[in-house]
Amino acid sequence: MPFLGQDWRSPGWSWIKTEDGWKRFEYFNHKLGDNINELSLEELDNDKENVYVGDVCEVAAKKRKKDFFNNNTKSQFLFQERWIYVQKESTRERHGYCTLGEAFNRLDFSSAIQDVRRFNYVVNLLQLIAKSQLTSLSGAAQKNYFNVLEKIVRKVLDDHQNPRLIKALLNDLSSTLCILIREVGKSVLIGNINIWVCRLETILNWQQQLNNLQIPKQVSNGMTLSDLPLHMQNNILYKFSDACDIINLGQATPTLHMLSEDRHLWKKLCQFHFAEKQFCRHLILSEKGHVDWKLMFFTLQKYYPQKEQYGDTLQFCKHCSILFWNDSGHPCTANDPDSCLTPVSPQHFIDLFKF
Amino acid sequence: MPTIKLQSSDGEMFEVDVEIAKQSVTIKTMLEGKWYTGVDRWVTPPNVSSLICPQVIQWCTHHKDDPPPPEDDENKEKRTDDIPVWDQEFLKVDQGTLFELILAANYLDIKGLLDVTCKTVANMIKGKTPEEIRKTFNIKNDFTEEEEAQVKQVPFTLWHKKK
């Protein structure tokens, strides 16, 4: 009697090749969609000699339905589980292929970058991978990585949102690639050296395009940023959590420069990124006896990491040891799913895959 | 449903529900003022043109069931990626309109609208060099050469991370 389950002994799935790599797909007949559950096993089970027990029935039924409707296929949809199991400790047993590269494939970063809440998160993740984990990616993961990277570059070239983030990523990536290519033979580099050289050329090309960002000329003669009243311009300065943005905006007009030097603005920035205890250790006073908050910020950021803030991050379920996006969910077996969740920072994501 | 009329700076009248108009703290204060007893009531917010007025009304109508914004003047949060999808679509307008909406939200004291419009502008600035910022907003470079040299002197030693 064949055993039908979801491990390596199961019948397997059908696969289709897409630009994002191989994806699993299932036949689906949407006319009968809602009625599928109503069809009984007896109707499908032509071979009455087979006897199935327990929840194996459901899996068997799925397979039978799939075969049964094979000839009635009206449409297909791409099916992919958007979560990945993370190995807790190093054991011989494997529940699935779970390396960093595989996580990268399964968690669908292509669509994540279109979501403004996840964009920074994905870019920071790519940056960390570029710094230290490139050699651990499989061939498919590498292709996927560069695919996502290309989508990001196209997006930024198109909507001009936050180019500095991408430029930093490409910088790190090109330095790492230069080192790896130079040391070919000494370090483990998966893939033909020519592919890597080609990728490096593409990156250099992208960097050039980003440095010459073509911002369309504003035709309207309406209001612009410098026409806003002072406290409105100030309001916008207070929205930045990155000191670079404050400095750069301050170099745009003399008015903005004056506003960007405001002590209170830098005080708020210090309070946002660092703790009170850290202030005391590095207190800097100006000649008049006031605290020089701008100087303090730059001193503090030398010693302590700045606060990382993301709109939406990957979640890790401690109970099932599964990594997933909030809206895709995962097959949780805990009694109280919400209590097991922790958000995962980009560094934490990398660490999860180090045994 | 009691309504109130808003008169734009160029004389056009727009009628809107009182409950929706009350999202503007300025209008709310005026309505609750003792001297405001006229039956045929209208308000003239300063410098709000007839093009911007309906847009403001549209935003307020969509957000009429929102909870009142928290009294957070300290601005502890520095998020700009949490603009709701409807607002993102609503704010896909030319820059002139965007800045006029900021002004209108400021005069009418509508915190929610002011918040999302300023965040949208902040997103247009983030990650750009000063030259790119000037190009984005068509701002003239008002610095003299000496001023510019002085302003660009960001002490790079300050940026080095302690290893």
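Contact here means heavy atoms within 4.5 Å. In this predicted model, residues 24 or more positions apart account for 65% of the contacts in chain A that have a separation of 6 or more. Chain A holds 15 helices and seven strands, and buried residues make up 42% of its 355 residues. The chain exposes about 19700 Å², with carbon and sulfur atoms supplying 51% of that area.

Trp13(A), Trp15(A) and Trp22(A) make a nonpolar surface patch of about 390 Å². Trp22(A) belongs to strand 2 of chain A, which covers residues 21-28. Its relative accessible area is 56%, and since exposed means over 50%, Trp22(A) counts as exposed.

Chain A also contains an open sheet of four strands, in the order 4-6-5-7 and with antiparallel pairing. The edges are taken by strand 4 (83-85) and strand 7 (341-344) of chain A; each has a single partner strand, so one side of each is left without a neighbour in the sheet. From one strand to the next, the twist averages 25°. Strands of a sheet pair through backbone hydrogen bonds, either parallel or antiparallel. Strand 5 of chain A, residues 314-317, is joined to strand 7 of chain A by four bridges in the antiparallel sense. Within this pairing, Gln315(A) has Pro343(A) in strand 7 of chain A as its bridge partner.

Moving on from strand 4 of chain A, the loop between this strand and helix 3 (100-106) includes Thr99(A). With 32% relative accessibility, Thr99(A) is partly exposed. Leaving aside residues up to four places away in sequence, Thr99(A) touches Ile84(A) and Phe353(A). The C-alpha atoms of Thr99(A) and Leu352(A) are separated by 9.4 Å, although these residues are 253 residues apart along the chain.

Helix 14 of chain A (residues 293-303) has Trp293(A), Met296(A), Phe297(A), Phe298(A), Thr299(A), Leu300(A) and Gln301(A) as buried residues. The buried residues of this helix pack against three helices of chain A, namely helix 10 (243-250), helix 12 (263-273) and helix 13 (276-281).

Chain B has an open sheet of three strands, with the order 2-1-3 and mixed pairing. Strand 2 (13-17) and strand 3 (42-43) of chain B are at the edges, and each has a single partner strand, so one side of each lacks a neighbour in the sheet. Strand 1 of chain B (residues 3-7) runs antiparallel to strand 2 of chain B, and five bridges join the two. Ile4(B) has Val16(B), in strand 2 of chain B, as its bridge partner. Helix 3 of chain B (residues 52-62) lies across strand 1 and strand 2 of chain B, and runs at about 5° to strand 2.

Charged pairs complete the picture. Side chains of opposite charge can pair when their charged atoms come close. Over all chains, the count comes to 18 salt bridges. One of them links Asp312(A) with Arg118(A), the closest N and O atoms being 2.8 Å apart. Asp312(A) lies in the loop between helix 14 and strand 5 of chain A, while Arg118(A) lies in the loop between helix 4 (109-112) and helix 5 (119-133) of chain A, so the pair ties together parts that are 194 residues apart in sequence. Asp312(A) is buried at 8% relative accessibility, and Arg118(A) is buried at 7%.

Other salt bridges lie within single helices. Arg154(A) and Glu150(A) form one in which the closest N and O atoms are 3.6 Å apart. Both residues lie in helix 6 of chain A (residues 139-159), four residues apart, about one turn of the helix. An α-helix has 3.6 residues a turn, so residues three or four places apart point the same way. Arg154(A) is partly exposed, with a relative accessible area of 44%, and Glu150(A) is partly exposed at 33%.

In chain B, Arg134(B) forms a salt bridge with Glu131(B), and the closest N and O atoms are 2.8 Å apart. Arg134(B) and Glu131(B) are separated by about one helical turn because they are three residues apart in helix 7 of chain B (residues 130-137). Arg134(B) is buried at 4% relative accessibility, whereas Glu131(B) is partly exposed, with a relative accessible area of 42%. Back in chain A, salt bridges that share partners join Asp115(A), Arg117(A), Arg118(A), Asp312(A) and Asp327(A) into one network.

How values were computed
Residues are numbered from 1 along each chain as its sequence is written. Chains are lettered from A and ligands numbered from 1 in the order in which they are written. This is a predicted model: local features need pLDDT of at least 70, side-chain atom pairs count only at pLDDT 80 or more; totals for chains, interfaces and linings use all residues. Side-chain values use heavy atoms; hydrogens and water are left out. Patches are made of residues with over 30% relative accessible area and no salt bridge: like charges are joined within 9 Å, nonpolar side chains (Val, Leu, Ile, Met, Phe, Trp, Tyr) within 5 Å. Accessible areas come from the Shrake-Rupley method with a 1.4 Å probe; for residues, only the protein chains shown count as cover. A salt bridge is a side-chain nitrogen of Lys or Arg within 4 Å of a carboxyl oxygen of Asp or Glu. Buried means under 20% relative accessible area, exposed over 50%, partly exposed in between (1.4 Å probe, protein chains only). Two strands pair if DSSP finds at least two bridges between them. Axes are lines fitted to C-alpha atoms, for helices over the stretch in contact, and angles run from 0 to 180 degrees between N-to-C directions.
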